[in-house]
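My entries follow in the order I made them.

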Amino acid sequence: MTVSHILGYPRIGAFRELKKATEAYWKGDLDQAALEQQAQKLRAAHWQAQSDAGLDFASVGDFAFYDQVLNVSVLLGAVPERFNAAAEVEQGEVALDTAFRMARGRAPSGEPAAACEMTKYFDTNYHYLVPELHQGQTFTLASTRLFDEVAEAQAAGFTPKVALTGPVTWLWLGKEKGGAFNRLELLDGVVDVYAAVLTRLAEQGVAWVQLDEPALVQDLPAEWQQAYERAYNRLQAAAVKILLATYFGGLGDNLSVATRLPVAGLHVDAVRAPGELDHVVDRIGPHRVLSVGAIDGRNVWRADLAALRERLQPLKARLGDRLWLAPGCSLLHVPVDVGAETDLDGELKSWLAFARQKLDETVTLARLLDGRATADDEQRLADATRALEARRASARIHRPAVAARLAAVTSADSRRGAPYATRAKAQREALSLPLYPTTTIGSFPQTGDIRADRRAHKNGDLSTAEYEARMRAEIAYAVARQEALGIDMLVHGEAERNDMVEYFGEQLDGFAFTRFGWVQSYGSRCVKPPVIFGDVARPAPMTVRWSEYAQSLTDRPMKGMLTGPVTILQWSFVRDDQPRATTCRQIALALRDEVVDLERAGVRAIQIDEPALREGLPLRRAEWQAYLDWAVESFRLSASSVADATQIHTHMCYSEFNDIIGAIAALDADVITIETSRSDMELLDAFQNFAYPNEIGPGVYDIHSPNLPDIDWMVTLMEKAAERIPAERLWVNPDCGLKTRRWEEVEPALANMVKAAETLRQRA
Ligand code: GLN
Ligand code: ZN
């Protein structure tokens, strides 16, 4: 029989119960015992769901109060010194609050300390806590939580399969602290603790342990490839069977590394790397289990069970019981249950499968392959086929006008009329800006009043007319404040926007929104990405009336404010029936219409934010250029309709530009504002080395900090910037939007920023 399993289940709960409990605990409204109880309840429910669906295992080890990588750091006793937990590590039980302090700097008990760094997990929007590694570091089994959860599952009658981040990937995700060294020096010490963990799990009666090694889908230096052999040779003595889990991509040049390891099974992501499956089968050997990740763990679409059955039948014939089935990766990355969606129309709903539904799909597919399908399975197969046929043919998805327009795009459509130097001259005349012009990134404080108004409007307690009047008042206030501060290029403040993607998605055709489609982003923070299901078009202007109104209040230039096509794509669930590039270009054309209308309405500068450009980079370097090509083209498609004198801005808020500086230059935005304040302007080296040709506003102060930025400090930073970029091409601005700050913080900070710009002009 084909074993069906999952690599992990979302832990937040269908209604974000874990978020609510954890935040209540942090606030002191819930005690630790009650928090643990809520967690236990959720785990039990998730195991029950897996069992009800008919999976062969219950996944244990995928639960985390904050992050599964942090769990492993705690398990290994890798707690940085500043958290004062040496005694806890020694006693083999790191406290929950210690883990919370590692994650967020503070917890109901214990001294606050600087939190560990957080970063995105591979190419997902999930953030993990970066393991801190130092030379000579020792490791010891420092938590019993995992074993307790195993016992908990067993006591409730479930058969656990334990899921853990593997030792090499854990090190790969870590970062050297306190001086550079080769972190592979730590491998043996780490693997020793893993060996102890596996022994203990074997004693508990666990048969299978899944070690997640997604680092294997990335470009690995040779010594890291070799590390796999060293680590897994050492672990083969364990009395449990190891399932080595890879996902998010193909193994590529790591294929023979992975298939040579002495493990009992290998999991591959056949959704992300369908072409590699046959090679893996050829090399899996006569004894290993091959777990095929056939159901999409990263997206929300219902699986084509009939097609999958056909595709997998030959594999089944070759592998027999050594074929296992699963989603491609952990279901952590999809929402919990489409059944909870009451507002989505039935047709759209029938096209979707969230985590709960993917359990059923996995089991049904396994039974279909085994020839032991139940009547329910046959029904599910028929339903899936019918839904997919309807989806393929639906007029809601396919808009011939959109396709025709895209087909007619020429290279001229993504080129401005004149080169930057000519445009800059026209813009200087049109905008009459001083040297070192000041501006902000777009948003002003989203006050409690604004959010209350929006909620009231959504609930129907505030009429649209009244809501819009209040938002206009907020805009007028923001414009008046900026004029009083003496800022040169103004923004309307984005009061009317809930979120920089949702706001646009709600007004574009082809987007749908769920009520409970939450996905964990980090810790207790969840996001609810829109679903792009169909061809994208803009039925009506989206921002024009707000920008037009804002411009009418002032003689100074007002920036129109849009979210870029790549960012909208990146922060949504994207349709899987056409290339992402095509969807991105459709969004770009919709935004292009908006740009045209803004310009026509008299807006002389338009900012198209692309904070997600870098995070869209594929995991393999060989694929970067193809991505960057269509990403850049999409941005340019949205921006290039305007006259020379209309100034296009863009904004990016991350700090590693080196890799993509060529692409950033290729955007050919007249002005880019970026986050640099925390790097002392060193970031501009990338721009200088590349001889970046256009204008730059290097953020002069960190908006994430409540501290008032010092005038001299900002002047010094800009002088450093001027050593790298000619002053004529520099702007003065904060490093990101101000929506999370209060007006009491924003006004003095901007006043200092304006004074800094005045000082710079005097000295020039
Ligand atoms: N214009 C947006 C704002 O100011 C940009 C946000 C972002 O960079 N993520 O809020
Ligand atoms: Zn930003």
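**His 704**

I place His 704 in the loop between β23 (695-698) and α27 (711-724). Helices (H or I, at least four residues) and strands (E, at least two) are DSSP runs, numbered from the N terminus. UniProt, in an unreviewed entry, puts the feature "active site" at His 704. UniProt positions are in the numbering used here, feature names are shortened, and annotations may be inferred rather than shown by experiment.

**Ground rules**

I note that this is a predicted model, where local features need pLDDT of at least 70, side-chain atom pairs count only at pLDDT 80 or more, and totals for chains, interfaces and linings use all residues. Residues are numbered from 1 along each chain as its sequence is written, chains are lettered from A and ligands numbered from 1 in the order in which they are written, and side-chain values use heavy atoms, with hydrogens and water left out.

**Glu 675**

Next I checked a contact partner of His 704. Glu 675 touches His 704, and also Met 652, Cys 653, Tyr 654, Phe 657, Leu 683 and Asp 735, not counting residues up to four places away in sequence. Contact means heavy atoms within 4.5 Å. Glu 675 sits in the loop between β22 (671-674) and α26 (684-689). I read Glu 675 as buried, at 8% relative accessible area.

**The "binding site" annotation**

Which residues does the UniProt annotation "binding site" cover? The unreviewed entry lists Arg 16, Glu 17, Leu 18, Lys 19, Lys 120, Arg 525, Cys 526, Trp 571 and Glu 615. They span 600 residues in sequence and the farthest two C-alpha atoms are 28.8 Å apart, so they do not all gather at one spot.

I looked at two of these residues. Arg 525 is in strand β16 (residues 525-527). Arg 525 is partly exposed, at 41% relative accessible area. Not counting residues up to four places away in sequence, Arg 525 touches Lys 19, Val 519 and Gln 520.

Trp 571 is in the loop between α22 (565-570) and β19 (573-574). Trp 571 is partly exposed too, at 26%. Its contacts, not counting residues up to four places away in sequence, include Lys 120, Glu 615, Pro 529 and Pro 530.

**The loop between α17 and α18**

Thr 440 lies in the loop between α17 (420-431) and α18 (448-458). Thr 440 is buried, at 0% relative accessibility. Leaving aside neighbours within four places in sequence, its contacts include Gln 482, Lys 559, Gln 607, Pro 734 and Leu 750.

Ile 441 is in the loop between α17 and α18. I list Ile 441 as buried, at 4%. Among its contacts, leaving aside neighbours within four places in sequence, are Glu 494, Gln 607, Pro 734 and Asp 735. How far apart are Ile 441 and Thr 650 in space? They are 9.2 Å apart, C-alpha to C-alpha, and 209 residues apart in sequence.

Tyr 436 is in the loop between α17 and α18. Tyr 436 is buried, at 4% relative accessibility.

**Positive phi**

Most residues other than glycine have a negative phi. Tyr 436 is not a glycine, yet I find a positive phi of about 50 degrees there. Ala 691 has a positive phi of about 55 degrees, and it is not a glycine. Ala 691 lies in the loop between α26 and β23 and is exposed, at 56%.

**Helix pairs**

Helix α19 (residues 464-485) packs with helix α28 (residues 743-763) at about 35 degrees, with axes 10 Å apart. Axes are lines fitted to C-alpha atoms, for helices over the stretch in contact, and angles run from 0 to 180 degrees between N-to-C directions. Tyr 477, Ala 478, Arg 481 and Leu 485 in α19 meet Trp 743, Glu 747, Leu 750, Ala 751 and Val 754 in α28.

The axes of helix α2 (residues 32-53) and helix α14 (residues 355-370) come within 9 Å and cross at roughly 30 degrees. In α2, Ala 49, Gln 50, Asp 52 and Ala 53 meet Arg 356, Leu 359, Asp 360 and Val 363 in α14.

Technical notes: Buried < 20%, exposed > 50% of the residue type's maximum accessible area, 1.4 Å probe, protein only.
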